[in-house]
Amino acid sequence: MTTVLGAPGQAERSLGGVRSRELAATYGTPLLVIDTMVLDANLTRFADLGSKHDIDVTYAGKALLLIALAERIGRTPLGLDVCSLGELTIAERAGVPANRIAFHGCGKTDEELQAALDGRVGRIVVDNREELDRLISLANAEHTLSILLRMNVGIEAHTHDYVRTGGEGSKFGFAPDALEATIAAILAAPGLQFVGFHSHIGSQIFEAESFCANVRELLGLVARARALGCEVGEVIAGGGFGVGAHPNDQPLDLESTIAAMQQALTQEAQRLRVPVPQLGIEPGRAIIADAGTSLYRVVAVKRIGSRRYAIVDGGLADNPRPLLYDAYHHPELAAREDGTLSTAPLIDTTLCGRSCENDEFVTAPLPEDLRAGDLLAIYTTGAYTYSMASNYNRFPRPAVVFAGNGRHRLVARRETLEDLLRVDVPD
């Protein structure tokens with residue numbers, strides 16, 4: 001996030017070198033702005049870290065996936081994870097090669113399994129025995145599909161319950177005690193090639209040791225598989241790298257964390273006397289979150305008792321994260337219609353959406369003279385906002401734009417009322 005000059009002594013927030021007022025006037029609000037300079041820097045950073053530490057890096061498309069974004073990822077060395085036919089179609093429309101696409105998900109349909117078997121992806125991550133059995137029934141010896149087993153290794157990372165994906169509180173993956181029978185079924189199946197293990201322990205994790213512990217658990221599975229005569233070429237330790245959302249947050253040190261993961265892999269492989277497999281990671285939020293900023297117009301400011309509320313023209317429909325798992329997004333006054341910013345003291349203000357729910361975004365300091373028409377910037381909204389957006393209250397989903405080096409362009413248009421009604425069938 002950068003600033004540009006507004007009125008003398010004031011500053012208007014800019015995104016990707018473009019004034020907030022220009023973006024809001026051009027595309028309307030609510031608006032998700034992706035700063036491509038931040039995005040490209042994050043993509044380059046992960047590509048460089050992967051190369052330096054010999055780790056495969058794959059972008060987790062569930063964080064945010066649009067055709068323009070997939071095209072940008074396709075121009076990097078990174079792979080792309082998808083978890084639905086919709087995400088797969090986006091990847092295909094963007095020209096991402098099939099061999100760089102992995103198919104995820106814990107409840108894949110037969111149509112999705114068939115898409116993998118038809119060669120539309122390079123690999124599939126199998127989540128459970130029922131899914132594996134259906135895959136075996138659909139497979140044939142004419143085409144070979146590479147598969148990884150998603151394992152629940154029991155690590156319960158320190159994060160919110162709703163974004164924890166390991167341990168007894170998680171629905172994801174095979175239990176380790178099912179390993180031997182599962183591998184036997186794969187080895188007996190035509191058309192399936194077992195290549196490795198996958199384990200994702202959660203999101204917004206700031207402890208490097210959690211990732212290292214996951215790697216060591218995966219190596220234990222590698223040793224068990226080799227005892228069955230099964231070679232394991234790779235292990236994927238998922239994503240979940242913590243991203244700071246509050247100005248005072250200390251972000252996870254990616255360099256030292258990734259180096260520690262590779263070291264844990266090597267040391268555990270040596271201890272267990274197994275060949276060192278290829279290590280992979282799947283960052284999503286860590287690539288796109290801080291590249292995204294949402295712009296909203298204030299529509300009302302009022303006091304009820306001791307609390308001051310500011311209601312904006314978005315809410316639950318375009319960002320459900322605060323209600324789902326207490327996600328924090330830092331707000332700031334971005335601009336006023338006359339181009340000035342307030343010099344008034346900051347006071348605690350509860351920022352709310354306009355939906356028919358108590359959809360509080362955050363309580364944070366905002367100017368005492370905040371008023372209707374003011375433009376607010378809500379930061380680190382690149383991940384899991386637009387991708388989780390709905391039409392609750394029949395609100396149209398917002399537009400998404402790329403902004404960088406002082407230029408901007410539309411990458412997802414704002415839905416119209418006709419878009420909302422196109423699937424309705426009259427009585």
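Residues are numbered from 1 along each chain as its sequence is written, and side-chain values use heavy atoms, with hydrogens and water left out. Because the model is predicted, local features need pLDDT of at least 70 and side-chain atom pairs count only at pLDDT 80 or more, whereas totals for chains, interfaces and linings use all residues.

Rings of Phe, Tyr and Trp (its six-membered ring) were paired if their centres lie within 6.5 Å, with planes under 30 degrees apart counted as stacked, over 60 as edge-to-face and the rest as tilted; by this rule there are four aromatic pairs. The ring centres of Phe 46 and Phe 241 are 6.2 Å apart with their planes at 45 degrees, so this pair is tilted. The rings of Phe 211 and Phe 241, with centres 4.7 Å apart and planes at 25 degrees, are stacked. Phe 46, Phe 211 and Phe 241 form one aromatic cluster. Both Phe 211 and Phe 241 are buried (under 20% relative accessible area, with exposed over 50% and partly exposed in between, for a 1.4 Å probe and protein chains only), and Phe 46 is buried as well.

The structure holds 21 salt bridges, each defined as a side-chain nitrogen of Lys or Arg within 4 Å of a carboxyl oxygen of Asp or Glu. Arg 336, which is buried at 4% relative accessibility, forms a salt bridge with Asp 369, the closest N and O atoms being 3.3 Å apart, and another with Asp 374, at 2.9 Å. Asp 369 is partly exposed, at 31%, whereas Asp 374 is buried.
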